Amino acid sequence: MAKRKENDYIFADAFIGCYVRNLMKRQDLMRLANCTDFDAAEALLQEFGYGESPEVKEGDVEAFIRREQNKLFDMIYNTLPERKELALYLYPYDYHNVKVCLKSELLGITPDDTFLMSTGDIEWNKMMAMIRDRNYMFMPVNMKHAIEEAMDLYSRGHDPQMIDIIMDKACYRDMLRAAEESGEDFLIGIVKLQIDLLNLKAFVRLREIGKAWSFFQTVYLDGGNIQEQFYIQSWEEPYSQVADKLIPYGLKDMMAEGGRMIKEEGDFTLFEKMLEDALMEYNKKAKYLSFGIVPIAGYWLAKEVEIDNLRIVLTGILVGASPEETGERLREPYV
């Protein structure tokens, strides 16, 4: 795909820029967390462009979240000059649907839109039909090969985890390829960082449950900035030492502070939150560009994080969590 000129995005950039101004800051999210009921929450959300939200009033958090995810998807793709330009953001939804379809098949059940996502590049009902009929004619080649490999491995070992591993590897290969085809350094960088962060998460999780480094090799995702050898050589080292080796990648504090919390309290919460916040810090680079595909990509991730934060806050209201408890779980916002 040929890289478009920045002028091709003048309308899209101006349109998306209006929505950036409505993004919620941390203090706005904390105002929401302090709401005493869903009527007050719905009224506050209207200040940020969410409109009437009957799902919120009814306490149906997931219905509200799904509606907002669909609205975001439709708004972005009705604005872009061409759908393929941010295809890399669609692959996680498509591969999620593949996993759901394959695992449902193994369980002898029919999946529905309760578990399937409607924001992928392939409509979920078409994905379900293709996998059910083993008709991959209109499916990306890499996805087809991943399905065949996953089902072959499952037939030999009956380990459903292999489906996740194979699909994740294929998903990030497709994402990186799409980013490279865009010719945008920002998009390439964000996918590489996502791969690094997922590898670091697996590295820590597997170490803590006593897995050998050979198993890490099974789940390791290619294509990031941090090579596989780094993890193998660091497998037995304390997190403080691993943190020092992450200085060139700008990830030292995350490993030092998160690793300390894991060793002292067995709590992964801080580490995993810092992983997510590292991605947002990178994404904030998009705020300083006014033209081209990058501001649109930056807004998309920003809004996805905001929607995730709304899930955290609204669920907190639902279960009676204190605002302080909710605040500790919030991800870094874009603004």
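**Salt bridges, exposure and helix packing**

Author: In this predicted model, E42 and K57 form a salt bridge, their closest N and O atoms being 3.9 Å apart. Local features need pLDDT of at least 70 and side-chain atom pairs count only at pLDDT 80 or more, while totals for chains, interfaces and linings use all residues. Residues are numbered from 1 along each chain as its sequence is written, and side-chain values use heavy atoms, without hydrogens and water.

Reader: Why is the contact between E42 and K57 called a salt bridge?

Author: The term requires a side-chain nitrogen of Lys or Arg within 4 Å of a carboxyl oxygen of Asp or Glu. The 3.9 Å between E42 and K57 is within 4 Å, so the pair qualifies.

Reader: What makes E42 buried or exposed?

Author: Buried means under 20% relative accessible area, exposed over 50%, and partly exposed in between (1.4 Å probe, protein chains only). E42 has 6%, so E42 is buried. K57 has 47% and is therefore partly exposed.

Reader: Which class does F11 fall into, and why?

Author: F11 is exposed because its relative accessible area is 59%.

Reader: How do you know whether α8 and α9 are parallel or antiparallel?

Author: Helices are DSSP runs (H or I, at least four residues; strands are E, at least two), numbered from the N terminus. Axes are lines fitted to C-alpha atoms, for helices over the stretch in contact, and angles run from 0 to 180 degrees between N-to-C directions. Under 35 degrees counts as roughly parallel, over 145 as roughly antiparallel, 65 to 115 as roughly perpendicular and the rest as oblique. Helices α8 and α9 pack at about 165°, and are therefore roughly antiparallel.
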